[in-house]
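Please keep the structure open while reading them.

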Amino acid sequence: MTEKMGNGRVAVVTGAGGTLCSEIAKDLAAKGAKVVLVGRTREKLEKTASAIRQAGGLCRVEPCDVTEEAALAQVGERTLREWGPCRILVNGAGGNDIRALTTNYTYDPQELSPDKPQEMRGFFDLDMGVFDSVLRTNTTGVVLACRVFCRQMAQAGGGSVLNFASMNTYRPLTRVPAYAMSKAAIANFTQWLAVYLAPAHIRVNAVAPGFFVNERSVKYLRTPEGGLSQRGKNVMQHTPMGRFGEPQELLGCVEWLLDEEKAAFVTGITVPVDGGFLASTGV
């Protein structure tokens with residue numbers, strides 16, 4: 001994103017306390033945007049805010065659950081009243097829940113046995129309340145944020161939306177059915193909304209990060225000693241660049257997709273930033 005484009009514009013970043021979106025929020029602020037930091041945990045948002053303010057940027061902290069439309073609407077009203085309309089929306093809030101993961105990679109007859117190991121959690125054992133919660137956070141949370149902030153964009157004459165997809169958007173990874181399902185939905189919704197909002201001069205795109213280690217994924221990709229877990233080794237076998245991504249390496253793609261001049265004719269796409277993961281079969 002060019003400094004000219006960011007200067008003075010209001011940017012709302014959900015999930016702004018996370019590893020990737022905190023970097024995006026800081027970069028937007030460095031380019032001159034007024035950044036609204038949205039997330040469930042105030043402590044994490046304040047950490048991002050502190051970094052932005054120390055660098056001379058402007059931001060505000062708005063703790064909020066993106067699955068609660070009334071709460072999002074209040075954030076939108078305060079933002080509009082005090083700063084003006086949102087012109088950039090980054091939908092980074094989302095995640096998974098360990099209870100929505102299977103412990104086994106494929107079906108094991110033991111999961112239907114009365115003597116099933118206590119630690120085993122198969123597809124037939126998943127708590128559907130938790131499953132639904134993952135879907136709601138990753139999909140409905142994006143829809144609700146768009147309803148609140150794209151309304152402001154439409155009334156102001158345009159803007160840009162960036163959604164967060166995943167490698168699961170293209171290939172459902174083992175053990176994470178709810179997360180994979182939700183991230184596949186993001187690419188579809190991105191296309192749908194791009195078509196719907198084009199007359200309002202609002203562009204809608206998505207970025208699909210490959211394997212970037214954050215607080216959640218480090219538990220599955222690394223060992224307690226800092227080495228690679230078996231899942232981490234499997235990822236490396238399918239990543240030609242042979243390493244995990246660094247948060248700053250996502251910024252170039254994000255900047256381009258949000259830039260109203262450089263990406264003026266780009267809408268409805270999902271761009272992978274994955275070190276070659278999707279290009280490799282591992283064979």
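1. In this predicted model, the axes of helix H4 (residues 69–82) and helix H5 (residues 128–156) come within 9 Å of each other and cross at roughly 25 degrees. Angles under 35 degrees count as roughly parallel, so H4 is roughly parallel to H5. The crossing of H4 past H5 is right-handed.

2. Which residues of H4 and H5 meet? From H4 come Glu-69, Leu-72, Ala-73, Val-75, Gly-76, Glu-77 and Leu-80, and from H5 come Leu-144, Ala-145, Arg-147, Val-148, Phe-149 and Gln-152. By class, the residues of this contact are 8 nonpolar, 2 polar and 3 charged.

3. H5 also pairs with helix H6 (177–197). The axes of H5 and H6 come within 8 Å and cross at roughly 20 degrees, and the two helices are therefore roughly parallel to each other. H5 passes H6 in a right-handed crossing. On the H5 side the contact includes Phe-131, Leu-135, Val-142, Cys-146 and Cys-150, and on the H6 side it includes Tyr-179, Met-181, Ile-186, Phe-189 and Leu-193. The contact of H5 with H6 has 16 nonpolar, 3 polar and 1 charged residues.

4. The largest nonpolar core has 39 residues. Those with the most contacts inside this core are Leu-72, Leu-89, Cys-146, Phe-149, Val-161 and Ile-202. Elements giving two or more residues to the core include strand E1 (10–14), strand E2 (34–39), strand E4 (86–91), strand E6 (202–209) and helix H8 (230–237), along with H4, H5 and H6. Which element gives the most to this core? That is H5, with 8 residues.

5. Leu-72 is listed both in the contact of H4 with H5 and among the core residues with the most contacts. Not counting residues up to four places away in sequence, Leu-72 touches Cys-64, Asp-65 and Val-66, as well as Leu-144, Ala-145, Val-148 and Phe-149. Another core lies apart from the largest one and has 33 residues, among them Leu-20, Leu-28, Cys-59 and Val-254.

6. Gln-152 lies in helix H5. Is Gln-152 buried or exposed? Its relative accessible area is 6%, and buried means under 20%, so Gln-152 is buried. Leaving aside neighbours within four places in sequence, Gln-152 is in contact with Gly-76, Glu-77, Leu-80, Gly-84, Pro-85 and Cys-86. Glu-77 is 75 residues from Gln-152 along the chain, with the C-alpha atoms of the two separated by 9.6 Å.

7. Thr-48 is found in helix H3 (residues 42–54). At 4% relative accessibility, Thr-48 counts as buried. Residues up to four places away in sequence aside, Thr-48 touches Ala-16, Gly-17, Ser-22, Ala-25, Lys-26 and Leu-37.

8. Arg-175, in the loop between strand E5 (159–164) and H6, has a positive phi of about 80 degrees although it is not a glycine. His-201, in the loop between H6 and E6, also has a positive phi, near 60 degrees, and is a residue other than glycine. Which of them is buried and which is exposed? Arg-175 is buried, with a relative accessible area of 19%, whereas His-201 counts as exposed at 59% relative accessibility.

Terms used
Residues numbered from 1 in each chain as written. Predicted model: local features only at pLDDT ≥ 70, side-chain atom pairs only at ≥ 80, totals over all residues. Heavy atoms only, no water. Axes fitted to C-alpha atoms, helices over the stretch in contact; angles between N-to-C directions. Helix = DSSP H or I, 4+ residues; strand = E, 2+ residues; numbered from the N terminus. Parallel < 35°, antiparallel > 145°, perpendicular 65-115°, else oblique. Left-handed = near helix turned anticlockwise from the far one by under 90°. Contact = heavy atoms within 4.5 Å. Nonpolar A, V, L, I, M, F, W, Y, C, P; charged D, E, K, R; others polar. Core = buried A, V, L, I, M, F, W, Y, C linked by side-chain atoms within 4.5 Å. Buried < 20%, exposed > 50% of the residue type's maximum accessible area, 1.4 Å probe, protein only.
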